[in-house]
Amino acid sequence: MILKSKDLLGLKDMSAEEIEYILDTAKTMKYVLTSNIKRTPHLQGKSIVTLFYENSTRTRLSFELASKYMSASSANINSSGSSVAKGESLIDTGKTIDMMGTDVIVIRHPQSGAPHLLAKHVKASVINAGDGMNEHPTQALLDMFTIREKKGTLKGLKVAIIGDIYHSRVARSNIWGLTKMGAEVSLAGPATLIPPKLEMTGVRVYSTVHEALMDADVVIALRMQLERQKKALFPSIREYSRFFGLDENRLRLAKKDVLIMHPGPVNRGVELSSAVADHDQSAINEQVTNGVAVRMALLYLLTRRGTNEAAD
Amino acid sequence: MKLLIRNGHVIDVKTGIDGIYDLLVENGRIAGISTGIDPEGCEVIDATGKYVLPGLVDAHCHLRDPGYEYKEDIESGTRSAAKGGFTSVACMPNTDPVTDNESVVKYILNKAKNEGYVNVYPIGAITKGLKGEELAEIGELKFAGAVAVSDDGRPVKSSSLMKKAMQYASMFDIAIISHCEDTDLAEDGVMNEGYTSTVLGLKGIPAAAEETMVARELILSEYLDIPIHIAHVSTALSVELIRNAKKRGVRVTCETCPHYFSLTEEACMGYDTNAKVNPPLRTARDVQAVIEGIADGTIDIIATDHAPHHIDEKRVEFSLAANGMVGFETALPLAVTKLVKPGIITMKKLVEKMSFNPARLLGISKGTLEPGSTADITIVDIDAKFTVDPVRFESRSKNSPFGGMELYGLVWCTIVNGRPVVSEGVLL
């Protein structure tokens, strides 16, 4: 099997088979990652560039280490201190990177659709590492990988996603991915932070955290951006935490063996109490490891497109 | 010089003519409409199987001149208008400098006289610099040649200022064209708020941002008993509010644009910046309501809102892309294809909405083939089909979401002041 597209722009346009294939490949990669000698030749002779127009610690580091563990040449560009700061257009920057022999461009950008624009104008594969409010597909893939690892399957699971759905690319990618893989997705968050007509994507939207959490197998809490308060989207952190924060009490509504996840970084005491964040059933730290595995899998699958296909 | 247009289906709203006639043009004026006019000594255009209409009048376009000539200028813009069958166009004041004083109006009129392919009528600003703070010198604008005032592209945010603008402009009997948008509600939205914005992860502009402002203008107009013209109506509730106000006798007129009866928000899928426009493309329900508004007369005018932008302003991230699309060269074909062919309106209604009514709104003596009037004529073959190719547009800009679409309605001839500028579909 090969991936249909040269790029990974989002899970919206990806098939369940492709997602399954990426997750299976990530399993092998995790094996490499957790072994004693973290070095494979999979990306030998390949060049990976991360182009980040927004700050990021874990996603960027995760991609960088994934490339290094597989022997790729990798380089980073920050939007500040590059020609981007001088007003160069995304397409021009992309073409410049392309012409230096780059195989994969990993982009994070504050505007939804920026990776799609880039992908149309470069020969390199483009991986979306988060675009505006649209998608963060590698995060959703690592979330699904984590769930599958812990629960054995995604099919038929009840997954609750709690928080600022409106601004969350993590939520959108998870919605597309999880529903394709047969999970039941329930969402809850302040009414001002629920995007319109969300039900049409096949999820259930609740106005209380209780309804969304009921009998959940998995709960994903989203990071609350504190600056949303200034735009009058919610009155205060205190009130948000009172109605949507997850503590041990609320967690009892979910299944006993509920898996607790968060894309990080966690605002302790806001979306998760410390007790929940550090709970035995919290997979927050493992998500980080799985993130590297999933990104290794993607870099591998995208760079071998068009080379060894026949062998499959 | 005599020009005879033979055997075409002539339509004129003012005189009520609607049938196969010969039309004679003499010395730049309509000399007569009847059957069997002697072709002796005439240059003859055979219009058999085609419609002969009063030249189309666009009440809302952007020629970008002065200030943004890299997008369009008066020469390229009027070439595009002529190609699309328009013989008169009214251009919005969001130029640089803003058309808020006599000298810019004069500049536009002079340039149009020297370089224009069609008649150009400047629209002046309501407020100085389009800033929404102080009234522009509306009297001076009117006497310099402005045919309406508008802060198009921006709303007049202050209700008090809008009230004063309406009162002041009414003194000079000049139309006010309102761009209805509550910018607080629109926030930093970039497309219609709805399912598609959710799917694309783009910030939405709620329909309510337009509708609340439409309601305000209707209330002010009713309160003052002063006419108001609502620009580019795009939502179902806007149509309903205006329909309702008209029933009450409010002196409101309004326009929509071809994209609001031809496209839905789904045109933005794939982050197609050519579909980014303000007001944004709405839902199928809104499109249906706009079509019904056109059919029942709630919507008086079809205007282009021709808004040229350079490719570099469109080939960027969706949120950063400029709003607007070029429209001169697709407006008539879209109206023919989406409204006339399916039987929603007749050709006569089309003439009313694309020529007669806009001329009346602007107070210009156009939009008719009545003998004695200036010979501005559009001849169109509504059965000829073609594929839209923006690269071939006469406009300097190619930002159209209609590329590749198959449409009916080929502009065969555009005659301005008795002189053909488009002949057999070719710009002269």
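Helices (H or I, at least four residues) and strands (E, at least two) are DSSP runs, numbered from the N terminus. The model described here is predicted: local features need pLDDT of at least 70, side-chain atom pairs count only at pLDDT 80 or more, and totals for chains, interfaces and linings use all residues. Residues are numbered from 1 along each chain as its sequence is written, chains are lettered from A and ligands numbered from 1 in the order in which they are written, and side-chain values use heavy atoms, with hydrogens and water left out.

Consider a histidine of chain B to begin with. B:His62 lies in the loop between β6 (56-61) and α1 (74-83) of chain B. With a relative accessibility of 5%, B:His62 counts as buried, a term that denotes under 20% relative accessible area, with exposed meaning over 50% and partly exposed in between (1.4 Å probe, protein chains only). Its side chain makes polar contacts with the side chains of B:Asn94 (2.9 Å) and B:Asp152 (3.0 Å). A polar contact is a pair of N or O atoms within 3.5 Å; within protein, one must be able to donate a hydrogen and the other to accept it, and residues adjacent in sequence count only if both atoms are side-chain atoms. Neighbours within four places in sequence aside, the residues in contact with B:His62 include B:Met92, B:Asp305 and B:His306, where contact means heavy atoms within 4.5 Å.

The cysteines come next. Over all chains, the structure holds zero disulfides, a disulfide being a pair of cysteine sulfur atoms within 2.5 Å. The closest cysteine sulfur to that of B:Cys91 belongs to B:Cys61 and is 5.6 Å away, which is too far for a bond. B:Cys91 is buried, at 2% relative accessible area. B:Cys180 is likewise in no disulfide, the nearest cysteine sulfur being that of B:Cys254, 9.9 Å away; B:Cys180 is buried, at 6%.

The interface between the chains remains. In it, 20 residues of chain B are in contact with 26 residues of chain A. The area buried between them is about 1,800 Å², of which carbon and sulfur atoms give 57%; buried area is the accessible area (1.4 Å probe) that two parts lose on being put together, summed over both. B:Tyr195, B:Thr198 and B:Glu317 supply 33% of the area that chain B buries against chain A, more than any other three residues. One salt bridge is counted between the chains: A:Lys231 pairs with B:Asp188, their closest N and O atoms being 3.8 Å apart. The term requires a side-chain nitrogen of Lys or Arg within 4 Å of a carboxyl oxygen of Asp or Glu.
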